[in-house]
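Hi,

Here is the structure I promised to pass on. Have a look at it first, then read my notes below.

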Amino acid sequence: MFHQSVFKKMERGAQVVMHKDAALIASYTGLQSGDKVVDAGAGSGFLAVNLGSIVAPTGKVTSYEWKDDFAELARRNVRLAKLDKVVEIKHEDVLEGIAEREVDLVTLDLAGSEKALPHAFKALRPNGYCVGILPNVEQMKNFVLEGHSLGFEHVRSIDSQVREWMVRQEGCRPETTVIMHT
């Protein structure tokens with residue numbers, strides 16, 4: 001079993017995709033051990049590590065990152081998580097293409113991610129999933145409309161909010177530091 005405490009030791013260089021989001025992605029797409037994933041916009045590698053822990057031991061995550069420093073940081077985090085046999089970080093620009101084929105899931109977490117949709121469409125197996133991780137509604141709109149024009153079926157657009165609670169003898173209340181919206 002993969003222990004989530006490894007994330008406390010991982011370095012952050014870019015905004016990270018949190019566990020709650022990775023869990024939603026896995027749940028809504030049916031991701032499981034043995035599946036093949038392409039992740040683009042590796043950043044610090046948090047999503048690649050989360051997805052790698054799900055598809056392990058026989059699956060594969062290939063994560064594209066065009067920035068040198070982020071690609072190296074993501075590789076260090078993958079090694080720290082002991083998933084380097086499952087997760088590969090490619091120092092390549094996904095907008096130039098995706099080499100992998102017949103993948104179960106493509107995640108796109110980068111500016112202008114709708115520009116990568118033609119490559120994602122070619123990489124996916126029939127009935128595979130493409131997930132955009134998008135910080136604003138204008139990007140979501142562009143992503144969905146471009147996907148429609150390429151033949152993707154839009155299944156759903158959601159956001160994820162989690163609020164932790166402080167439980168004490170004298171009373172319970174929400175924690176004061178939260179990551180509400182991603």
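**Notes on the model**

Let's start with Asn 50, which touches Gln 4, Phe 7, Met 18, His 19 and Ala 22, leaving aside residues up to four places away in sequence (contact means heavy atoms within 4.5 Å). Before going on: this is a predicted model, where local features need pLDDT of at least 70 and side-chain atom pairs count only at pLDDT 80 or more, while totals for chains, interfaces and linings use all residues. Residues are numbered from 1 along each chain as its sequence is written, and side-chain values use heavy atoms, with hydrogens and water left out.

Asn 50 sits in helix α3 (residues 46-55); helices (H or I, at least four residues) and strands (E, at least two) are DSSP runs, numbered from the N terminus. Its relative accessible area is 6%, so Asn 50 is buried (under 20%; exposed is over 50%, partly exposed in between, with a 1.4 Å probe and protein chains only).

Now for the rings: there is 1 aromatic pair in the structure (ring centres of Phe, Tyr or Trp, the latter by its six-membered ring, within 6.5 Å; planes under 30 degrees apart are stacked, over 60 edge-to-face, the rest tilted). Phe 121 and Phe 152 have ring centres 4.9 Å apart and planes at 75 degrees, so they are edge-to-face. They are 31 residues apart, with Phe 121 in helix α5 (residues 117-123) and Phe 152 in the loop between α6 (137-150) and β6 (165-168). Phe 152 is buried at 18%, whereas Phe 121 is partly exposed at 40%.

Cheers
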